[in-house]
Each structure stands twice: as structure tokens, then as C-alpha cells.
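Please read them with the structure open.

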Amino acid sequence: MSMKEAREHAGLTREEVAKLVQFPVKTIADWEEGRGNKVEFIEKRIVTMIEDYARKKEAH
């Protein structure tokens, strides 16, 4: 699952993801749109963080 797919599945905005992972919104936007140098393991970690957040959100 891509970062964008995970974000959309979790119902999060780019701003919310940026706050969650402590990255600039512009970086998140650039990566989702295929710009910038995204490191694969960082993207995987962000997807994991989004999925964890979504599970916790659903539990409440």
C-alpha cells in the first residue's frame, strides 16, 4: 500500500499525516505526487504509522 492509499484509507489529510510523522506537509505532498527523493524504508515506516493510528482511532 502506498503512503497516499494508507492516508486515504485512514481518512487523514496530508496535514494530519505530516503532524503524525513530524515531516513538512510539502514533503508529504511531494512524495505522494512522485516528486522529491523518497526513501523506500521511510515510506514503509510512514504507512505503518498511519495504519497504527487508524487502528487506534477505530478502537475508540
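This is a predicted model: local features need pLDDT of at least 70, side-chain atom pairs count only at pLDDT 80 or more; totals for chains, interfaces and linings use all residues.

1. A term before the points that follow: contact means heavy atoms within 4.5 Å. In that sense E43 touches S2, M3 and K38, once residues up to four places away in sequence are set aside. E43 sits in helix α4. Is E43 buried or exposed? E43 has a relative accessible area of 16%. The cut-off for buried is under 20%, so E43 counts as buried.

2. Everything below is computed from it.

3. Overall architecture. The protein chain has four helices and zero strands. Along the sequence the pattern reads α-α-α-α. The C-alpha trace spans about 35 × 20 × 15 Å along its principal axes. What radius of gyration does the protein chain have? The value is 11 Å. A compact globule of 60 residues would have a radius of gyration near 10 Å, so the two agree.

4. Burial and contact range. Of the 60 residues in the protein chain, 32% count as buried. Now take contacts between residues at least 6 apart in sequence. Of these, 58% join residues at least 24 apart.

5. The core. The largest nonpolar core holds 13 residues. Which of them touch the most other members? They are M3, V17, I28, I46 and I50. Each of α1 (3-10), α2 (14-21), α3 (25-32) and α4 (40-59) supplies at least two residues of this core. The most comes from α4, with four residues.

6. V17 deserves a look in the viewer. Neighbours within four places in sequence aside, V17 contacts R7, L12, I28, I46 and I50. V17 also belongs to the contact of α2 with α4, taken up in point 8.

7. The α1 and α4 pair. Two packed helices are described by the angle between their axes and the distance between the axes. For α1 and α4 the angle is about 10°, and the axes are 9 Å apart. Angles under 35 degrees count as roughly parallel, and α1 and α4 are therefore roughly parallel to each other. From α1 come M3, A6, R7 and A10; from α4 come E43, I46, V47, I50, A54 and K57. By class, this contact of α1 with α4 has seven nonpolar, no polar and three charged residues.

8. The α2 and α4 pair. How do these helices cross? The axes of α2 and α4 cross at roughly 105° and come within 10 Å. The range from 65 to 115 degrees counts as roughly perpendicular, so α2 and α4 are roughly perpendicular to each other. On the α2 side, V17, L20 and V21 make the contact; on the α4 side, I46, M49, I50 and Y53 do. The classes are seven nonpolar, no polar and no charged residues.

9. Helix α3. Which residues are buried in α3? They are I28, A29, D30, W31 and E32. D30 and E32 are on that list of buried residues, so check both in the viewer. The buried residues of α3 pack against α1, α2 and α4. Just after α3, G34 takes a positive phi of about 80°.

10. Q22 is worth a flag. Most residues other than glycine have a negative phi. Q22 is not a glycine, yet has a positive phi of about 60°. Where is Q22 found? Q22 lies in the loop between α2 and α3. Its relative accessible area is 73%, so Q22 is exposed.

11. G11 and the α1 to α2 loop. G11 lies in the loop between α1 and α2. At 53% relative accessibility, G11 counts as exposed. Its contacts, leaving aside neighbours within four places in sequence, are E16 and K57. G11 and A54 are 43 residues apart along the chain, and their C-alpha atoms are separated by 8.2 Å.

12. D52 is placed in helix α4. D52 has 27% relative accessibility, so D52 counts as partly exposed.

How values were computed. Residues are numbered from 1 along each chain as its sequence is written. Side-chain values use heavy atoms; hydrogens and water are left out. A nonpolar core is a set of buried Ala, Val, Leu, Ile, Met, Phe, Trp, Tyr and Cys residues joined through side-chain atoms within 4.5 Å. Buried means under 20% relative accessible area, exposed over 50%, partly exposed in between (1.4 Å probe, protein chains only). Axes are lines fitted to C-alpha atoms, for helices over the stretch in contact, and angles run from 0 to 180 degrees between N-to-C directions. Angles under 35 degrees count as roughly parallel, over 145 as roughly antiparallel, 65 to 115 as roughly perpendicular and the rest as oblique. Ala, Val, Leu, Ile, Met, Phe, Trp, Tyr, Cys and Pro count as nonpolar, Asp, Glu, Lys and Arg as charged, and the others, Gly among them, as polar. The radius of gyration is taken over C-alpha atoms; the globule rule is 2.2 Å times the number of residues to the power 0.38.
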